[in-house]
Amino acid sequence: MSASSSWQQNLTEVIPEDYFSLDEILAEQQKVSSQLKKSMFSLGYLDPSNQSEHLVSGSKLEFPLWLAVQLANKNYLDCELPKPYQEAARNILLADSSVVDLFKQVVYYYKTGIKLTQMPHPESPYVAVSLVRSVRLRYSDVFHL
């Protein structure tokens, strides 16, 4: 095995397949409302309304999804689901998925939803179920025309 093929093999083991995907990058830019569980030192610049150089526990901020998932998994913050993924929106989607314009709500609805299910949120399993059900309903509507 040559040195270059060994390097490429090691790289593919470390970097996920979708790492360079523009769709993945854009889907993970969705803003997520969050509340800090712990104080974060020297990060006050993340909140423009904050006069301190530190973020205090209980502060409410919006983080991009990629960062919110990581911080929530490390128990630094509690996240709120974006409106298109909350229970009321999920119920509307499941009632008649063909009339809901998902692109207007979130451009990468399914990719963003899958990322949201990676957060430790009590409604994450319900989001996952609604994603699968809505794909089934929308898929069957397309092929039964």
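Guide: Buried means under 20% relative accessible area, exposed means over 50%, and partly exposed is in between (1.4 Å probe, protein chains only). This is a predicted model, in which local features need pLDDT of at least 70 and side-chain atom pairs count only at pLDDT 80 or more, while totals for chains, interfaces and linings use all residues. Residues are numbered from 1 along each chain as its sequence is written, and side-chain values use heavy atoms, with hydrogens and water left out.

Visitor: Is Tyr85 buried or exposed?

Guide: Tyr85 has 1% relative accessibility, so Tyr85 counts as buried.

Visitor: How many aromatic pairs does the structure hold?

Guide: There are 2 aromatic pairs. Rings of Phe, Tyr and Trp (its six-membered ring) pair if their centres lie within 6.5 Å; planes under 30 degrees apart count as stacked, over 60 as edge-to-face, and the rest as tilted. In the pair of Tyr85 and Tyr109, the ring centres are 4.7 Å apart and the planes are at 15 degrees, so this pair is stacked.

Visitor: Which parts does the pair of Tyr85 and Tyr109 tie together?

Guide: Tyr85 is in the loop between β3 and α4 (87–95), whereas Tyr109 is in helix α6 (residues 109–116), so the pair ties together parts 24 residues apart in sequence. Helices (H or I, at least four residues) and strands (E, at least two) are DSSP runs, numbered from the N terminus. Tyr109 is buried, at a relative accessible area of 3%.

Visitor: And what does Tyr109 form with Tyr110?

Guide: Tyr109 and Tyr110 form an edge-to-face aromatic pair, with 5.3 Å from centre to centre and 90 degrees between the planes. Tyr110 counts as partly exposed, at 25% relative accessibility. Through these ring pairs, Tyr85, Tyr109 and Tyr110 are linked into a cluster.

Visitor: Let us change topic. In what order do the strands form the sheet?

Guide: The order is β2-β1-β3, in an open sheet of 3 strands with antiparallel pairing. Two strands pair if DSSP finds at least two bridges between them. The edge strands, each pairing on one side only, are β2 (60–64) and β3 (77–79). From one strand to the next, the twist averages 40 degrees.

Visitor: How many bridges join β1 to β2?

Guide: Strand β1 (residues 31–36) is joined to β2 by 5 bridges, and the two run antiparallel. Val32 has Phe63 in β2 as its bridge partner.

Visitor: What else does Phe63 touch?

Guide: Leaving aside residues up to four places away in sequence, Phe63 touches several residues, including Leu36, Leu46, Ala68, Leu71 and Leu77. Contact means heavy atoms within 4.5 Å.

Visitor: Where does helix α3 lie?

Guide: Helix α3 (residues 65–73) lies across β1, β2 and β3, and runs at about 115 degrees to β2. Axes are lines fitted to C-alpha atoms, for helices over the stretch in contact, and angles run from 0 to 180 degrees between N-to-C directions.

Visitor: Which residues of α3 are buried?

Guide: They are Leu65, Ala68, Val69, Leu71 and Ala72. These buried residues pack against α2 (22–27), β1, β2, β3 and α6. Leu67 also lies in helix α3, but Leu67 counts as partly exposed at 23% relative accessibility.

Visitor: Which residues touch the most other members of the largest nonpolar core?

Guide: Of its 24 residues, those are Leu36, Phe63, Leu77, Cys79, Tyr85, Tyr109 and Leu116. Such a core is a set of buried Ala, Val, Leu, Ile, Met, Phe, Trp, Tyr and Cys residues joined through side-chain atoms within 4.5 Å. At least two residues of this core come from each of β1, β2, α3, β3, α6 and α7 (124–143), and α3 gives the most, with 5 residues.

Visitor: What follows α3?

Guide: Asn75 follows α3, and its phi is positive, near 65 degrees. Most residues other than glycine have a negative phi. Asn75 is in the loop between α3 and β3 and is partly exposed, with a relative accessible area of 38%. Ser42, which is not a glycine, has a positive phi of about 65 degrees; Ser42 is in the loop between β1 and β2.
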